[in-house]
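Please consider how the parts of a folded chain pack against one another. The following paragraphs lead from a single side chain to the cores and then to a loop.

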Amino acid sequence: MKNQKVLKTVLICIVAEIMNWVTTFVFYQTLQIPLFFDTIFTVAVVIYSGLVPGLCVSIVYNVLNSLIWTIRTGFFDPFILMYGICGILIVISTWVIARKKENFRINLPITLLYLLLISLVSSLCCIVSSGIIDYFHYLCYEITDQMNPIKTFTEGFVQQHFTLLASCILAQIPISFLDRLLATFSGYGIALLCEKVRDRR
């Protein structure tokens, strides 16, 4: 029974990993929407399966992302791997608030407030960590538009005479908050759907 549960969790993580790549390809690379869309199914796994599976999905995604970038460009950029810190912080902050699932079942307004809280806390973690990583990334390498979807925002703040560090952090605010809002609510919806399918069996 325990082995079946472990196997099922592994399969869930694999499916979530694939779907994260699909959503990123569709929305970011194909439609060129300046949002990340790479954590929707990670959030779903955190809510549905817990902290450890969520961390596994997040870490594997960032390792693969770094590997694929290296293969495509022939150049290893350690900062792409460092963005995994943001994913880990998103997973932990989501789990801390979402681990007591019974709180989400009190009523709809409470559920919405919890999801909004997750969005705010995880976006704060993402804004600060991503901004700092971006800052050092800019100092060390020439950043392409494909590598950083908010490059134009950052450069806009620099042109307004903000420091580079402040510009990197400020540029993250609108994008990261909207991305976290969409990922949190979508991830919760997917987790809820999975629970309903499981309960019907």
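Ser119 touches Arg180, Leu181, Thr184 and Phe185, residues up to four places away in sequence not being counted; such a contact means heavy atoms within 4.5 Å. The model is a predicted one, in which local features need pLDDT of at least 70 and side-chain atom pairs count only at pLDDT 80 or more, while totals for chains, interfaces and linings use all residues. Residues are numbered from 1 along each chain as its sequence is written, and side-chain values use heavy atoms, with hydrogens and water left out.

Ser119 belongs to helix H6 (residues 108-140); helices are DSSP runs of H or I with at least four residues, numbered from the N terminus. With a relative accessible area of 0%, Ser119 is buried, a term that means under 20%, whereas exposed means over 50% and partly exposed lies in between (1.4 Å probe, protein chains only). The Ser119 side chain also reaches the backbone oxygen of Leu115, at 2.9 Å.

The largest nonpolar core has 12 residues, including Cys13, Leu35, Ile40 and Ala183. Such a core is a set of buried Ala, Val, Leu, Ile, Met, Phe, Trp, Tyr and Cys residues joined through side-chain atoms within 4.5 Å. Helices H1 (2-30), H2 (40-49) and H8 (164-200) each supply at least two of its residues. Another core, of 10 residues, lies apart from it and includes Ile47 and Ala98.

His161 sits in the loop between helix H7 (151-159) and H8. Its phi is near 70 degrees, a positive value in a residue other than glycine. Most residues other than glycine have a negative phi. His161 counts as exposed because its relative accessibility is 75%.

Methods:
Polar contact = N/O pair within 3.5 Å; in protein donor to acceptor, adjacent residues only side chain to side chain.
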